[in-house]
Amino acid sequence: MLSDLLKHNREWAAQREAEDPDYFKRLSQLQKPDYLWIGCSDSRVPANVITGLEPGEVFVHRNVANLVHRGDLNLLSVLEFAVETLEVENIIVCGHHGCGGVHAAMDGHRHGIIDHWLQPIRDIASANEGGLARLHDQEEKLDSLCELSIAAQVDSLAKTPIIQSAWRRGKKLNIHGWVYSLNDGLLQDLDCRRSSVDGLHQKLAHRAHYDF
Ligand code: CO
């Protein structure tokens, strides 16, 4: 029931205030999160909940299949604010196994506008056709594609003028690629971090057999 949400909200606010009378006053005066999270819109992957972060601790952008489209004004505005104003030092691109967006990109059906949005996933699948063809389990194939996409989004972010100019000015800024498992609730670092203009592209360590 919708009214339950408002009721829970009142209870939550009262509890926070009881524990710490200055809690909301403090939060309302300053936003200084250490992290920018770029994740999937999937309701089962809420950034704060799965990382144990409190309100004020993570700046969040979510879209279907956690994609970085170069012309996405929404994402670029979030990115610029996070880097230039909030001065976050760590950006996390987080995808998840069993992603409906990755599935929809590859199932061969017409879904509507989302098919345009998901095109980068099909491009990544084409570029990695050889490696993916060696996997026979469809679920494993899609989860591997999901991980390849996360690494590709990390690279896309690294190539944006916002990130490039921050690095050129000597700003400390790491972009990480993580994947979340719906089966056990665990996050895994995919070792595709980018930290500088000249940073070498690190291949996914545990998928080293792929033809990149
Ligand atoms: Co998803």
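Q: Why is the meeting of arginine 16 and glutamate 54 called a salt bridge?
A: The term asks for a side-chain nitrogen of Lys or Arg within 4 Å of a carboxyl oxygen of Asp or Glu. Here the side chains of arginine 16 and glutamate 54 come to 2.8 Å, N to O, so the pair meets the rule. Across the interface of domain 1 and domain 2, the rule finds one salt bridge.

Q: How do you know which values to trust in this model?
A: It is a predicted model, where local features need pLDDT of at least 70 and side-chain atom pairs count only at pLDDT 80 or more, while totals for chains, interfaces and linings use all residues. Residues are numbered from 1 along each chain as its sequence is written, and side-chain values use heavy atoms, leaving out hydrogens and water. The predictor's confidence in each residue, pLDDT, runs from 0 to 100; the protein averages 93, and 93% of the residues score at least 70. Over residues 200-212, pLDDT stays under 50.

Q: What makes up the two domains, and how far apart are their C-alpha centres?
A: By an automatic or database domain assignment, domain 1 covers 1-30 and domain 2 covers 32-201. Their C-alpha centres lie 31 Å apart. Five residues from domain 1 and four from domain 2 take part in the contact, which means heavy atoms within 4.5 Å.

Q: How much area is buried between domain 1 and domain 2?
A: Buried area is the accessible area (1.4 Å probe) that two parts lose on being put together, summed over both. For this pair it is about 310 Å², with carbon and sulfur atoms giving 58%. On the domain 1 side, Arg16, Leu27 and Leu30 lose the most area to domain 2, together 76% of what that side buries.

Q: What makes glutamate 84 and arginine 169 a link between parts of the sequence?
A: Their side chains meet in a salt bridge at 3.1 Å, N to O. Glutamate 84 sits in helix α4 (residues 73-85) and arginine 169 in the loop between α10 (161-168) and β4 (174-180), so the pair ties together parts that are 85 residues apart in sequence. Helices (H or I, at least four residues) and strands (E, at least two) are DSSP runs, numbered from the N terminus. Over the whole structure, the search finds nine salt bridges.

Q: Where is histidine 69, and what does its side chain reach?
A: Histidine 69 is in the loop between β2 (58-63) and α4. Its side chain reaches the backbone oxygen of tryptophan 117 at 2.9 Å. Not counting residues up to four places away in sequence, histidine 69 touches His116, Trp117 and Pro120.

How values were computed: Polar contact = N/O pair within 3.5 Å; in protein donor to acceptor, adjacent residues only side chain to side chain.
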